[in-house]
Amino acid sequence: MKRSAQDIAAIIEQNRLSWNAVIEAHNSHKGNQGIWLKNGGHTLFPEELMLLGDLEGKSLLHLLCNCGQDTLSLARMGAEVTGVDISDEAIKVARELSQTSQIPAQFFRANVYEWLQQPPYGPFDVVFMSYGVLYWLPDLKSLFKNIRGILNPGGKVVFVDFHPVFWLFDDNWKLAYPYTSAGEDLLDEEGIGDYVGMSGEALVPWGFEEGIKDFNNPQHAHGFLWGMADIIGAMLEAGLQLEVFEEYPYSNGFNPRPDIMHVDADRRCWLPKDMPSIPLMFALRASLGRPIATGLGRP
Ligand SMILES: C[S@@+](CC[C@H](N)C(=O)[O-])C[C@H]1O[C@@H](n2cnc3c(N)ncnc32)[C@H](O)[C@@H]1O
C-alpha cells in the first residue's frame, strides 16, 4: 500500500530520531577526526574522486552529508561546500569538525526534500551523494527533478551508493529482500545500527577506537529499496543525462560481515573467494540533458 504524504513525513521524522540516536556511537570509534582533517587527511575513495574530477573553485552541494567528514574532505579538494542532513546530531558534529579542522563549510539541518524546494542559495556546479543514501529516500523522481533545478549549466550530479543487489541478502547472505520495494517502506525494528563499529578500520583509516560497545538503537527506522531501473529511470525522467555508470564487486568501507569479508589495503571489502562475484556498489555521473520518458518498455 502506497503511503500518504503525512505517512511519509512521519517516516522521515522517525528516521531523524533513529539517526540522532546512533551518531554518538558512530563517532565514538572515530577518534580526533577534526585534527586528522586539519592535518590534510581526507575520507574520500578513488571511485568518487575520479568521477568528481577537478573541484577547484566549484560550488558543491553534498546531500545527506551525515557528520560532514566527506563534505570537509571535498572542501579540501578545493570546492566551496554546502552539506545538508536531517540529523541534528550529525550536523552538530559536522559544524564542530569544520571548526576544529579549520575547513570552511556551510551545514544545514533539513529534510532534503524541503531544502531542495527552497534552497537558500545556489545553483551549484556539483551535487554529490554517497554511501547509504537511496535507502532513506521515499521518492526518487521528485529528488532528481529538484536536483536538476539547482544545477548550473554544465553542472554534474555524482553519486556512489551500495548496489541494489547488495540489499537483497540478509546477514547470512540468504536471499531475503525484494530488488525494489517500489516506493513502499520497509520497517527496521532495530533501527540504525553501529555499522562503523562493525566495519572497523575499513571506515576509520586514521585509527579505529573501541568506543561505545553493543549499541542498541531505541528508535526504529524505515527504508526504501530501489532497483537500478527506478534510480536511472528517475534521473532520465528528470532530464539528467547519464555520462558514466559503473558497478563494483566490492564495498568501500562498509563491511557487514567482518568475519568472512576480506578488506584490502584500499579499504575495499570483498566477498569470500568461494562466493560468486556480485555487484556491491555502483557509481554514476550525470549532467543536464532533456527529460526522457521512461518505463515505456514495461508491459
Ligand atoms: C549513511 S548516511 C550517509 C553517509 C555519508 N555518505 C557520509 O558522508 O558519511 C545517511 C544520512 O542520510 C541522512 N538522511 C536520511 N534521510 C534524510 C532526509 N530525508 N533528508 C536529509 N538527510 C537525510 C541521515 O541523517 C544520515 O546522516
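**An open sheet and the rest of the chain**

Mentor: In this predicted model, 3 strands form an open antiparallel sheet in the order β9-β11-β10. Strands here are DSSP runs of E with at least two residues, helices are runs of H or I with at least four, and both are numbered from the N terminus. Two strands count as paired if DSSP finds at least two bridges between them. β9 (250-252) and β10 (262-263) are the edge strands, each pairing on one side only. β9 and β11 (residues 268-270) run antiparallel and are joined by 3 bridges, with S251 opposite C269 of β11.

Residues are numbered from 1 along each chain as its sequence is written. Because the model is predicted, local features need pLDDT of at least 70 and side-chain atom pairs count only at pLDDT 80 or more, while totals for chains, interfaces and linings use all residues.

The loop between β10 and β11 holds D266. D266 is exposed, since 11 other C-beta atoms lie within 10 Å. The classes are buried for 20 or more other C-beta atoms within 10 Å, exposed for 12 or fewer, and partly exposed in between, with C-beta atoms placed from the backbone. P46 is 220 residues from D266 in sequence, yet their C-alpha atoms are 9.0 Å apart.

Elsewhere, β2 (residues 80-85) and β3 (residues 106-109) pair in the parallel sense over 4 bridges, and G83 stands opposite F107 in β3. Between β2 and β3 the chain passes through helix α5 (residues 88-101), a right-handed β-α-β crossover; that is, with the strands pointing away from the viewer, the path from the first strand over the helix to the second runs clockwise.

Both β2 and α5 are among the elements that cover the buried residues of α4 (69-76), as are α2 (33-38), β1 (59-63) and β4 (124-130). Contact means C-beta atoms, placed from the backbone, within 7 Å. α4 is largely enclosed by the rest of the structure because 7 of its 8 residues are buried: Q69, D70, T71, L72, S73, L74 and A75. G78 follows α4 and has a positive phi, near 110°.

L74 is also one of the residues that L60 touches, along with L55 and F128, if residues up to four places away in sequence are left out. L60 and V127 have the most contacts inside the largest nonpolar core, which has 73 residues. Such a core is a set of buried Ala, Val, Leu, Ile, Met, Phe, Trp, Tyr and Cys residues joined through C-beta atoms within 7 Å. Strand β5 (residues 151-162) gives the most to this core, 6 residues.

α4 also supplies at least two residues of the shell around the ligand, as does α1 (5-27); the largest share, 3 residues, comes from α1. L64, N66, S87, G132 and W136 come nearest among the 19 residues around the ligand, a residue being near if its C-beta atom, placed from the backbone, lies within 6 Å.

L64 sits in the loop between β1 and α4. L64 is buried, because 21 other C-beta atoms lie within 10 Å, and its phi is positive, near 55°. A182, in the loop between β5 and β6 (186-188), also has a positive phi, about 50°. A182 counts as exposed because it has 12 C-beta neighbours inside 10 Å. Most residues other than glycine have a negative phi, and most peptide bonds are trans. The bond between G122 and P123 is cis, with omega about -5°, and P123 lies in the loop between α6 (112-117) and β4.

Terms used: Contact = placed C-beta atoms within 7 Å.
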